[in-house]
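Visitor: Please put the model on the screen. I have some questions about its side chains, and I would like each answer to end on the value or name I ask for.

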Amino acid sequence: MPFVSPSVRTLYRYRPSLSHLVLAMGIGLSGLIQSQLIQAAPVSTVKQAFSIPSGRLDSALVLFGQQSGVLVSVNGDLSQGKQTRGLQGSYPVDQALGLLLQGSGLVAAPQSGGSYIITLQTINGAVSLPSVTVTANQLGEITEGSGTYTPGAIATATRLVLTPRETPQSISVITRDEMDDFQLTNIDKVMENTPGISILTYDSERTVYYARGFAINNFQYDGIPMERNAGYSAGNTLSDMATYDRVEVLKGATGLLTGSGDPGATINLIRKKPTRDFQGHISQSAGSRNSYRTEIDLSGPLNSEGTVRGRAVASYQDQESHMDGYRRKTPVFFGSIEADITPSTLLTVGADYQDNKPTRSTWGGIPIYDTEGNFNERPRSFNNGASWSSWEQYTRTAFATLEHYFDNDWVVKLQLNHQINGYDAPLGAVGGGNPNPTDGSGTRMWVGRYVGKTRANAADFYASGPFEFLKREHELVVGGGLSERRWTNNGDGPHVGYATIPSNYYEWNGQVPEPNWNDPNAWHGQNDETTREKGLYTTARWNLRDDLKLITGARLSNYKREIMQESGVLTPYLGLVYDLNDTYSVYTSYTSIFKPQSRRDESGNTLDPLEGTNIELGLKGAFFGNRLNASAAVFQLEQDNFAEATGALTPDGGVAYRAINGVKTKGYELEVSGQLNDYWNLHAGYSNSVSRRQGNKVSTLAPANQVNLFATYKPWGQNSKLTLGGGARWQDKTWGDVYNPAVGGMVKHTVDDYWVVDAMASYRFSDQLTGSLNISNLFDEKYYTIFSAYSTYTWGEPRRTMLTMKYFF
């Protein structure tokens, strides 16, 4: 039975009733108790059965002592406030204790006589990886304040809350600490730091992310899917990071929880949560090219009992660009409230708001060639937008979740999400044609105004928990979701007679009059499109052996959008994880996704949906109490039912298509993230990905090879006031077929490979005040990306410096 002592060296025995009373006081007032000890018999190498639920670590250690008969001593200051994922199954005592302590920053040191003492993790005799409070929910472990660049448990892949090592798919996570250290204040910057993700720039307001040969248009917000309309961009790729705890990128096909989409990857943005203790900060940043940012974040209890908690975040960024006349203002507001309706029932409600207000937006980029076939090199400051051109984007979200936890470790959760993504874009830019190098003639303007929004409502409900089958305990998720997205758009063209041909491209300064968009002679068009999806899904994690887990899952989906309608689409999921030892696991998985298409065959029937599948084989390792994760994976990804024109017509005279084998991508990925020791944090990755269709390389605008490496160093360990850091990203050459007027047709244009290097330094002046300096593109690398559909290119951002002062309450 347990007993309590003022130190780990002196043991005092009490009668069982008194010891339980003292222990209960320790759980409620752990700060008043210096240590707690758990008594039992000598250690045995024989496997023993354990059934310890997730929850408080100190309570779990009591149960461990009772079930194992092993004496375990722990200083109360070390175990205070910590959580554990629990333990189910049969294990040797030492392995069981190690699993129970995973993620806590603590280890069990064996003592003579078969007892254990819980201490901090050490490396080479030095105390390392100090413990942190682990806060977990059904979305996984919160990374804020973890001090590391790797996540704890995550739930994006299957709704099961699993560690990265237990998840049979590649997943990259940018934690709150990594975002803060490298000033990753928007999602574009986050994606630049994410291994295996490349960015293609359309213009000043539109970027597209690529993974494994496919554009990423599937986004999730706290696990709720939202599809992005890339052509009519409305805020997804401009998201400010002030409101988010972490960003998870799940690689490969993700149809089990996403529903429909492409098989490259899904991006899941996890919001910050209210905290039980008061905390907050205010920061002010100033930098190159008149860049300013202010951020305020407050969180804590709203009543004396702490059963109601709130969080409020506000930020404002005003930033000019290297392009003449371009500027963007971004106000952000976020608030959420958590309420313990009962000790087992949690209600969360919240809302967020973001505006993106640019001036002199570009539309497309710079024509790649002039009329003589030479590269049309313009300065990085060149802006093809008119003085009135603007692509304003905004998001408005309201969300609510209700969670109830049962005594048998089952949980049910209802999640509701209402989101509006909108835009107001009067656009004018010199993007068409090619300039004559002698007199600047030959180009034309693209002109149009587009005003629209997507209103999305989504609901998801599921139940999750353990069950017993064949004398072993397994885990099950059963759920369903539905969503409705309505996109409306009004388009206006220039009125008759509006001049769209600049006299001299080389003298362009954007000074042209804005069209009268309401002119009755102008072009006007409308879109009104509604997409409805609903599905049922289930996931089971089968405990085949203590070291072997099988994950099976499936989703049954219905989809409807205009003429595209699919019913009973089955999306399977299969994963197998085998633990080689306490550190390494091998895994394999088969995941899938579908995407309806509107192309029709010669009989007038709509083609079957595009079918995406991802087969993956990998090795994962977790080190230092899961504070460092590493993975290596090889994959093959296919998307079939690709629409190919037959040369015939449909019954109503349209182009007829047939379905053929589509894109096949093969590649491999390596990644490591987390805390090496008290001195180093690291996030690094290498990816290789080659896509082909009918034997020909495709998706060549995304690099075949990429390297990401970002790290910070504390010269004097965790107590160091100084932090130094840096990073680099490299991408292989890319190419695309673009129009060259000198040959009167399409030619292959290749962009050379390039490196971009960043640097940072921060100094903690006191417990409340920290200053940091961040420099992006330290060596001012001059690079560009192309967009072959427009036959244009866009310069990357030159060197930028940002100084930030941050005060903690």
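Visitor: Is Ile337 buried, partly exposed or exposed?

Guide: This is a predicted model in which local features need pLDDT of at least 70 and side-chain atom pairs count only at pLDDT 80 or more, while totals for chains, interfaces and linings use all residues. Residues are numbered from 1 along each chain as its sequence is written, and side-chain values use heavy atoms, with hydrogens and water left out. Buried means under 20% relative accessible area, exposed over 50%, and partly exposed in between (1.4 Å probe, protein chains only). Because its relative accessibility is 38%, Ile337 counts as partly exposed.

Visitor: Which strand holds Ile337, and which strands each supply at least two residues of the nonpolar patch?

Guide: Strands (E, at least two residues) and helices (H or I, at least four) are DSSP runs, numbered from the N terminus. Ile337 is found in strand β25. At least two residues of the nonpolar patch come from each of β25 (327-342), β26 (345-359) and β29 (411-433).

Visitor: What accessible area do the residues of the nonpolar patch have together?

Guide: Patches are made of residues with over 30% relative accessible area and no salt bridge; nonpolar side chains (Val, Leu, Ile, Met, Phe, Trp, Tyr) are joined within 5 Å and like charges within 9 Å. Accessible areas come from the Shrake-Rupley method with a 1.4 Å probe, and for residues only the protein chains shown count as cover. The members are Leu302, Ile337, Ile341, Leu347, Val349, Leu402, Leu414, Leu416 and Phe461, and their accessible area together is about 730 Å².

Visitor: Which residues form the positive surface patch?

Guide: Lys and Arg count as positive and Asp and Glu as negative, with His and the chain ends not counted. The place of a charge is taken as NZ of Lys, CZ of Arg, CG of Asp or CD of Glu. Arg692, in strand β41 (residues 680-693), counts as partly exposed because its relative accessibility is 38%. The positive patch is formed by Lys666, Arg692, Lys697, Lys733 and Lys748.

Visitor: How many residues apart in sequence are the parts that Arg541 and Glu166 tie together?

Guide: A salt bridge is a side-chain nitrogen of Lys or Arg within 4 Å of a carboxyl oxygen of Asp or Glu, and the structure holds 46 of them. Arg541 and Glu166 meet in one at 3.6 Å, N to O, and both residues are buried. Since Arg541 lies in strand β32 (residues 524-545) and Glu166 in the loop between β13 (140-141) and β14 (171-174), the pair ties together parts whose separation in sequence is 375 residues.

Visitor: In the salt bridge of Asp318 and Arg327, which relative accessibility makes Arg327 count as partly exposed?

Guide: The side chains of Asp318 and Arg327 meet at 2.6 Å, N to O. Asp318 counts as buried because its relative accessibility is 12%. Arg327 counts as partly exposed because its value is 31%.

Visitor: Which residues are linked in a network of salt bridges?

Guide: Lys357 and Asp355 meet as a pair at 3.9 Å, N to O. The network links Glu227, Arg485, Glu529, Glu533 and Arg561.

Visitor: Are the rings of Tyr202 and Phe787 stacked or edge-to-face?

Guide: Rings of Phe, Tyr and Trp (its six-membered ring) pair if their centres lie within 6.5 Å; planes under 30 degrees apart count as stacked, over 60 as edge-to-face and the rest as tilted. The structure holds 32 aromatic pairs. The rings of Tyr202 and Phe787 have centres 4.1 Å apart and planes at 20 degrees, so this pair is stacked.

Visitor: How many residues apart in sequence are the parts tied together by Tyr202 and Phe787?

Guide: Tyr202 and Phe787 are both buried. Because Tyr202 lies in the loop between β15 (198-201) and β16 (207-211) and Phe787 in strand β49 (residues 784-787), the pair ties together parts whose separation is 585 residues.

Visitor: What is the phi of Asn626 near?

Guide: Most residues other than glycine have a negative phi. Asn626 is in the loop between β36 (610-623) and β37 (628-640), and its phi has a positive value, near 70 degrees.
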